[in-house]
Amino acid sequence: MAKSAVEEHEHTQKAFGFAATDSSGFLSPFHFFRRENGAEDVTIQIKYCGVCHSDLHCVKNEWGFTRYPIVPGHEIVGEVTKVGNNVEKFKVGECVGVGVMVGSCGMCELCGQDLENYCSDMVFTYNARDKDGSRTYGGYSDMIVVNQRFVVNIPDNLPPDAAAPLLCAGITVYSPMKYYGMAMSGKHLGVSGLGGLGHIAIKFGKAFGLKVTVISTSPQKEDEAVNKLGADCFLVSTDAAKMKAAMGTMDFIIDTISVVHNLAPLLDLLRANGKLITVGLPEKPLELSVFPLVLGRKMVGGSYIGGMKEAQEMLDFCGKHNITADIELIKMDYINTAFERLAKSDVRYRFVIDVANSISACKM
Amino acid sequence: MYRATGELDVTFKVLYCGICHSDLHFIKNEWGNASYPAIPGHEIVGVVTEVGNKVQNFKVGDKVGVGCMVGACHSCDSCGKNLENYCPKVLLTYGSTYYDGTPTYGGYSDLMVVNEHFAVRIPEDMALDATAPLLCAGITVYSPLKYFELDKPGLHIGVVGLGGLGHMAVKFAKAFGAQVTVISTSPNKKEEAVNRLGADFFMVSRDPQQLQAAVGTMDGIIDTVSAAHPLLPLIALLKTHGKLVMVGAPDRPLELPIFPLLMGRKIVAGSCIGGMKETQEMIDFAAKNDIKADIEVVPMDYVNTAMERLLKADVRYRFVLDIGNTMKDD
């Protein structure tokens with residue numbers, strides 16, 4: 001029997017999705033409600049939703065701040081079905097996307113700089129408290145209602161299923177590549193980790209004119225990395241001789257690894273003044289050797305998704321360069337198996353749930 | 001003991017040499033690069049006694065300073081950007097091997113010979129003894145304040161640790177127009193920090209209430225502490241886009257919390273002394289803004305006692321050896 005949410009507020013649009021109800025992370029059918037479409041809102045029938053590793057961390061409460069029931073999903077692509085009176089940017093029938101945020105304060109300096117992602121009152125698409133006090137539920141569901149500021153247009157030439165992962169994975173690597181000055185043709189970028197984030201970083205890196213080296217623990221990924229994704233080189237991080245030969249050759253590294261790992265070998269790959277930008281979210285702190293940072297004036301920087309203006313800029317860039325994710329399309333009821341495979345990195349390189357075509361079959 | 005003055009060399013009589021904590025690490029071979037006899041000292045000032053026939057920038061009688069480097073390759077990317085300090089073939093003032101195969105000996109000595117590229121001019125009106133520590137401590141904090149754009153007026157800069165490096169960071173940051181908070185484990189340093197060095201605020205780093213009150217208030221932090229210490233509270237003190245710059249180098253890895261780094265787009269970076277061009281720039285800036293180190297001048301034969309006191313951080317804030325007056329040939 002599907003579970004129903006207790007309705008705390010005046011939410012009246014019926015919705016149906018998949019939720020986890022405890023830290024086993026097992027997802028099952030879940031009926032709940034969304035708010036009525038307000039003047040600033042866009043209601044979206046969800047077509048596709050990418051499966052991000054963060055979804056897995058959250059359903060199992062690995063970061064310690066999950067409240068159950070949780071409906072994950074923040075790589076959402078769908079079709080507009082309603083627009084509020086103040087909405088001019090979007091029209092019914094348009095293909096749009098929603099990423100990791102659905103709200104921010106709108107008034108602080110950071111919001112003023114289009115950096116809603118760094119606003120201290122930023123509202124996550126799922127597992128957060130929305131402005132009206134209700135819990136937010138994500139894209140593993142049939143529809144969503146979002147303030148227009150947090151909706152983006154999907155370029156017409158991009159297949160919507162393969163575009164879905166851009167809403168989190170895409171912006172997560174695009175934003176630091178711009179902010180930390182990596183979009184400089186001729187420089188050498190290392191991409192650490194070849195998963196959802198990493199494979200898109202390769203594509204952006206090549207589009208920016210960079211030489212791209214993938215750094216991975218899995219030698220079997222080399223063929224795809226070089227021949228399909230376009231990386232120039234592939235370094236197996238456990239190959240000490242090759243790592244030594246590559247020392248001091250990289251201008252930047254995007255580190256996408258979301259489990260605890262050793263930063264020292266990556267820092268050694270950087271030249272003097274090099275930058276290691278970490279975008280993965282391991283559940284424990286990493287170890288930092290300070291000496292190599294000092295001796296080479298190197299830095300470790302963080303970056304977290306991106307603002308809405310640059311999310312649209314990123315999608316337009318993808319439209320121009322025909323960049324989408326490499327995906328495996330799955331049905332909604334495959335999600336638990338998908339999570340098991342994701343935990344073993346058994347996916348090339350993002351699962352995307354074919355929501356519109358499979359979620360109704362799960363209703364009971 | 002010293003090479004003859006080559007055509008690009010400057011020979012000078014050493015008048016003063018600052019005692020840097022690195023000198024102590026070196027002579028105890030803590031970094032494994034000492035070969036004995038080991039002569040430390042890289043905060044050296046003196047007066048030129050001879051110049052090689054191709055020397056363009058110095059003449060006999062000039063006051064000069066030498067810091068941590070005496071050679072570099074001059075052909076790599078870093079050298080090309082006047083960043084000899086990041087040259088993979090940089091030669092250190094002590095503990096390296098010079099091009100003629102001899103070991104490099106530092107400033108605890110009566111005279112030095114240095115390639116003119118690695119000497120800086122000390123303006124006439126600067127007090128030589130109090131200027132010596134600028135050659136290492138000064139440039140070590142000046143360089144990152146400039147490079148990481150923490151030199152703009154009105155910024156809030158934190159300085160962790162109030163020793164040789166820390167007290168110089170306070171002075172430079174104030175001269176740049178910053179509001180400065182000293183972050184220290186020793187509450188008894190507050191009075192000096194605020195009343196004598198000019199810091200605006202003082203915070204005891206082990207006091208959770210003081211830390212909490214200052215969360216998200218600093219544009220940058222210069223961390224001068226070499227002992228292992230937690231980074232999480234320092235990262236929390238930074239505003240969004242804030243920068244934590246390490247100039248001390250703890251010998252064990254530190255824990256780097258990832259969430260706060262990401263959620264505030266903050267950075268943790270390192271920095272090591274500075275290039276020669278910016279060292280000269282720093283000296284000229286110090287001359288113009290009357291910035292000098294707070295020192296305790298000691299005779300050469302006090303050096304071992306000074307080292308013992310330095311180990312206990314018992315100095316306000318740099319010992320300087322009065323070599324010109326007290327270095328005796330036994």
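Student: Leaving aside neighbours within four places in sequence, which residues is Asp223(B) in contact with?

Tutor: This is a predicted model, so keep that in mind throughout. Asp223(B) sits in strand S11 (residues 218-223) of chain B. Once neighbours within four places in sequence are set aside, its contacts are Val160(B), His229(B), Leu231(B), Leu234(B), Leu244(B), Val245(B), Met246(B), Val247(B) and Gly248(B).

Student: How far from Asp223(B) is the nearest side chain of opposite charge?

Tutor: Asp223(B) is buried and has no salt bridge. A salt bridge would need a Lys or Arg side-chain nitrogen within 4 Å of a carboxyl oxygen.

Student: Which residue does Lys152(B) form a salt bridge with?

Tutor: Let's take accessibility along the way. The closest N and O atoms are 2.9 Å apart, and the partner is Asp151(B).

Student: About how many helical turns separate Glu192(B) and Arg196(B)?

Tutor: Their side chains meet in a salt bridge, 3.2 Å from N to O. Glu192(B) is buried at 15% relative accessibility, whereas Arg196(B) is partly exposed at 48%. Both lie in helix H6 (residues 190-196) of chain B, and because they are four residues apart there, the separation is about one helical turn.

Student: How many residues apart are Glu296(B) and Arg309(B)?

Tutor: The two side chains meet in a salt bridge, with N to O at 2.8 Å. This pair links distant parts of the chain: Glu296(B) is in strand S15 (residues 295-298) of chain B and Arg309(B) is in helix H11 (residues 303-311) of chain B, with a separation of 13 residues.

Student: Which residues do salt bridges with shared partners join into one network?

Tutor: Over all chains, the whole structure has 29 salt bridges. Some of them share partners, and one network built that way consists of Lys171(B), Glu192(B), Arg196(B), Asp294(B) and Arg316(B).

Student: On to the interface: which three residues supply 23% of the area that chain B buries against chain A?

Tutor: The contact takes 33 residues from chain B and 36 residues from chain A. About 3100 Å² is buried between the chains, with carbon and sulfur atoms giving 70% of that. More of chain B's share comes from this trio than from any other three residues: Phe259(B), Leu262(B) and Arg265(B).

Student: How many residue pairs are in polar contact between chain B and chain A?

Tutor: Salt bridges between chain B and chain A come to zero. For polar contact, where both residues must be at pLDDT 80 or more, the count of residue pairs is five.

Student: Which element gives the largest share of the side of chain B that touches chain A?

Tutor: Elements giving two or more residues to that side are H4, S12, strand S13 (254-256), helix H9 (258-263) and strand S14 (267-270) of chain B. The residues there divide into 22 nonpolar, eight polar and three charged. The largest share is five residues, and it comes from H9(B).

Student: What is omega, roughly, for the peptide bond between Arg348(A) and Tyr349(A)?

Tutor: Tyr349(A) is in the loop between helix H11 (335-343) and strand S19 (350-353) of chain A. The bond joining Arg348(A) to Tyr349(A) is cis, with omega about -5°.

Student: And what is phi of His241(B) near?

Tutor: His241(B) belongs to strand S12 (residues 238-246) of chain B. Its phi is positive although the residue is not glycine, and the value is near 70°.

Definitions and conventions
Residues numbered from 1 in each chain as written. Chains lettered and ligands numbered in written order. Heavy atoms only, no water. Buried < 20%, exposed > 50% of the residue type's maximum accessible area, 1.4 Å probe, protein only. Lys, Arg positive; Asp, Glu negative; His and termini not counted. Contact = heavy atoms within 4.5 Å. Buried area = accessible area lost by both parts, 1.4 Å probe. Polar contact = N/O pair within 3.5 Å; in protein donor to acceptor, adjacent residues only side chain to side chain. Nonpolar A, V, L, I, M, F, W, Y, C, P; charged D, E, K, R; others polar.
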